[in-house]
Amino acid sequence: MLKTKYFNTCLAVFSTVCLSVIFYACKTVGSKTTATTVSIPAKPARVLVFSKTKGFYHTSIPAGIAAIQKLGKENNFIVDTTKNSAYFVQDSLKNYSAVIFLSTTMNVLNADEQVAFERYIQSGGGYAGVHAAADTEYDWPWYNKLVGAYFKSHPGNPNVRKATIDVIDTTHISTKGLPKRWERTDEWYNYKSIQGDIKVVAKLDEDTYEGGENGEHHPIAWYHEYDGGRAFYTGGGHTDESFSEPLFLTHLLGGIKYAIGNNVTLDYSKAYAVKKPEDNRFTKTILSNDLNEPMELSVAPDGRVFLLNAQVISMFTILLTAKLLWFTNFRLKR
């Protein structure tokens, strides 16, 4: 009986030790699992540098491309480049967080490509314009609203000169680290069709150079949200040297980062732009070739068009007068 009691006691002690070892092992394994958990890094943003020109070609474009590629490597975003506007289709654009127009000039996109880019921005895409991006697509009002202003003119003899920039917003990502009075050499644009909703971060001091035409409030860099997306523009970047200036590169990088935004997947369900029908899809019907001296035109709800001109009024007056004479004569005979 003593042996049985002794055996049971040993068995209980052994079981307790085994359970303790198993519990400790599980706890240790669990702790190591937690400690070695690695978070998956966010997918790097991808941007497209577009540099097609149909007007003046800026020789600084290659330097700009190289600088943006270097910025991408140093700041974890991928840079693709193209001069081919046929790349502006949804299957291509949907892969980019931002599209950079690098000194593009004149009409660089056809009607289909314009609609594709509108839909890209409406889906949450970003845009960054550099220098001659404002000298682009003058016949496309939507682009004017996106870029924020059109090129008007610049000084000549020489066109490149030193001037001072007043940085009026030092909190924006594109101007952080810049001096409030920033002196640099570049080709300084004057602008027209300046949009009222742009948020200007820097303006030119026209007292520091000759050739300014925008007065006291001469914008040179700005940003805004437009049509579902984000847009940034800087007027700098005419010279090759611009793309080796540390401060200008800081400014440009900030603008690109603003255009990238939160690097979220585009939502094309928000896009609504459609291509308008070509003119040859309509039939023109000439109602009259003799519309001299028009006075008033009105379209009825059912689509009928009413036109009053001098000839119609004269004929109406003659008919009304004849009817009145006939009615008066009839009354007199009675």
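Let's start inside helix α6, whose buried residues are Phe248, Leu249, His251, Leu252, Leu253, Gly254, Gly255, Ile256, Tyr258, Ala259 and Ile260. Here buried means under 20% relative accessible area, with exposed over 50% and partly exposed in between, using a 1.4 Å probe and protein chains only. Helices are DSSP runs of H or I with at least four residues, numbered from the N terminus. This is a predicted model, in which local features need pLDDT of at least 70 and side-chain atom pairs count only at pLDDT 80 or more, while totals for chains, interfaces and linings use all residues. Residues are numbered from 1 along each chain as its sequence is written, and side-chain values use heavy atoms, leaving out hydrogens and water.

With 11 of its 15 residues buried, α6 is mostly covered. The helix runs over residues 246-260, and its end C-alpha atoms lie 21 Å apart, which agrees with the 21 Å that its 15 residues should span at 1.5 Å a residue. That expected span is 1.5 Å times one less than the number of residues. Just after α6, glycine 261 has a positive phi of about 65°.

Next comes the largest nonpolar core, a group of 73 residues in which Phe101, Phe117, Tyr127 and Tyr143 have the most contacts. Helix α6 gives this core its largest share, 8 residues. A nonpolar core joins buried Ala, Val, Leu, Ile, Met, Phe, Trp, Tyr and Cys residues through side-chain atoms within 4.5 Å. What does tyrosine 127 touch, beyond residues up to four places away in sequence? Its partners include Phe101, Phe117, Tyr143, Arg230 and Ala259, where contact means heavy atoms within 4.5 Å.

Now for the pockets. A pocket is an open set of points on a 1 Å grid where a 1.4 Å probe fits, with protein on both sides within 12 Å along at least five of seven lines; lining residues have an atom within 4 Å of a point. The largest pocket holds about 280 Å³ of space. Among its 13 lining residues, Lys43, Lys94, Asn95, Ser97 and Asn263 lie nearest the centre.

The second largest pocket has a volume of about 220 Å³. It is lined by 11 residues, with Ala111, Gln114, Val115, Glu118 and Lys276 closest to its centre. Glutamine 114 sits in helix α4, residues 111-122. Is glutamine 114 buried or exposed? Its relative accessibility is 17%, so glutamine 114 counts as buried. Beyond its neighbours within four places in sequence, glutamine 114 contacts Leu109, Glu137 and Trp140.

Note on methods:
Grid points are joined across faces, edges and corners, and a volume is the space filled by probe spheres set on the points. Helices (H or I, at least four residues) and strands (E, at least two) are DSSP runs, numbered from the N terminus.
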